[in-house]
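Here is a short report on one protein chain. It covers the fold, the helix packing and some single residues.

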Amino acid sequence: MSNEAVPAVSQVPPSKARTIGYWVATAVFCFGMGVGGVFDLTHAPDVVAAMTHLGYPAYLLTIIGVAKIAAAITLLVPGVPRLKEWAYAGSTFDLLGASASHFAVGDGAADVITPMIVLGIGVASYVLRPPSRRL
């Protein structure tokens, strides 16, 4: 064995494939959350109908819409690693809640699974993020 120290993970430059994977996952995730946030903020009729079906008040769309848009922006801008952690966490709570809500009212598998697929894309973004975007 050599006496050379193994570099810390944060010192190893990310591979090109990892960087591309991060940006693709992040772009797709942020686009989905951002567009969803706009639909929530504008109280699109289909979104209001879905929230009513789930048993939530329509005013909750404004709160969730602002949070989704803020999360999408935060994940795309450089710096602010602590806010990025909060953005990932908030998005996770939103998507888990959406899936659980659809399950609770007896909606079909597609309605239950779709938020989990979006969450999977968010998890890929989180796992693949470069050291400069970590705490």
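## Basis

This is a predicted model, in which local features need pLDDT of at least 70 and side-chain atom pairs count only at pLDDT 80 or more, while totals for chains, interfaces and linings use all residues. Residues are numbered from 1 along each chain as its sequence is written, and side-chain values use heavy atoms, with hydrogens and water left out.

## Overall fold

The chain has five helices and zero strands. Its pattern along the sequence is α-α-α-α-α. Helices (H or I, at least four residues) and strands (E, at least two) are DSSP runs, numbered from the N terminus.

Of the 135 residues in the chain, 28% are buried. Buried means under 20% relative accessible area, exposed means over 50%, and partly exposed lies in between, with a 1.4 Å probe and protein chains only. Take the contacts between residues at least 6 apart in sequence: 65% of them join residues at least 24 apart. Contact means heavy atoms within 4.5 Å.

## Helix α2 against helix α3

Helix α2 spans residues 45-54 and helix α3 spans residues 60-76. Their axes come within 11 Å and cross at roughly 115°. Axes are lines fitted to C-alpha atoms, for helices over the stretch in contact, and angles run from 0 to 180 degrees between N-to-C directions. The two helices are therefore roughly perpendicular to each other. Angles under 35 degrees count as roughly parallel, over 145 as roughly antiparallel, 65 to 115 as roughly perpendicular and the rest as oblique. The crossing of α2 and α3 is right-handed. A crossing is right-handed if the near helix is turned clockwise from the far one by less than a right angle, and left-handed if anticlockwise.

Which residues of α2 and α3 meet? V47, V48 and M51 in α2 meet L60, L61 and I64 in α3. The contact divides into six nonpolar residues, no polar and no charged. Ala, Val, Leu, Ile, Met, Phe, Trp, Tyr, Cys and Pro count as nonpolar, Asp, Glu, Lys and Arg as charged, and the others, Gly among them, as polar. L60 in α3 is partly exposed, with a relative accessible area of 23%. The C-alpha atoms of L60 and L41 are separated by 9.5 Å, and the two residues are 19 apart along the chain.

## The two faces of α2

The buried residues of α2 are V47, M51 and L54. Seen down the axis of α2, they fall within an arc of 65°, so they line one face of the helix. The arc is that of the directions from the helix axis to the C-beta atoms. An α-helix has 3.6 residues a turn, so residues three or four places apart point the same way.

These buried residues of α2 pack against α1 (16-41), α3 and α4. The face turned away from the buried side carries the exposed residues P45, D46 and T52. Just after α2, G55 takes a positive phi of about 90°.

## Helix α1 against helix α4

The axes of α1 and α4 are 13 Å apart, and the helices pack at an angle of about 55°. They are therefore oblique to each other. Their crossing is left-handed.

On the α1 side, Y22, T26, F29 and M33 take part; they meet Y88, S91, D94 and L95 in α4. The contact divides into five nonpolar, two polar and one charged. S91 lies in α4 (residues 81-104) and counts as buried at 3% relative accessibility. Not counting residues up to four places away in sequence, S91 touches F29, M33 and A71.

## C30 in α1

C30 sits in helix α1. Is C30 buried or exposed? C30 is buried, with a relative accessible area of 5%. Leaving aside neighbours within four places in sequence, C30 is in contact with A72, L75 and L76.

## Positive phi in two loops

Most residues other than glycine have a negative phi. H43 has a positive phi of about 50° although it is not a glycine. H43 is in the loop between α1 and α2 and counts as partly exposed at 27% relative accessibility.

V80 is not a glycine either, and has a positive phi of about 45°. V80 lies in the loop between α3 and α4. At 36% relative accessibility, V80 counts as partly exposed.
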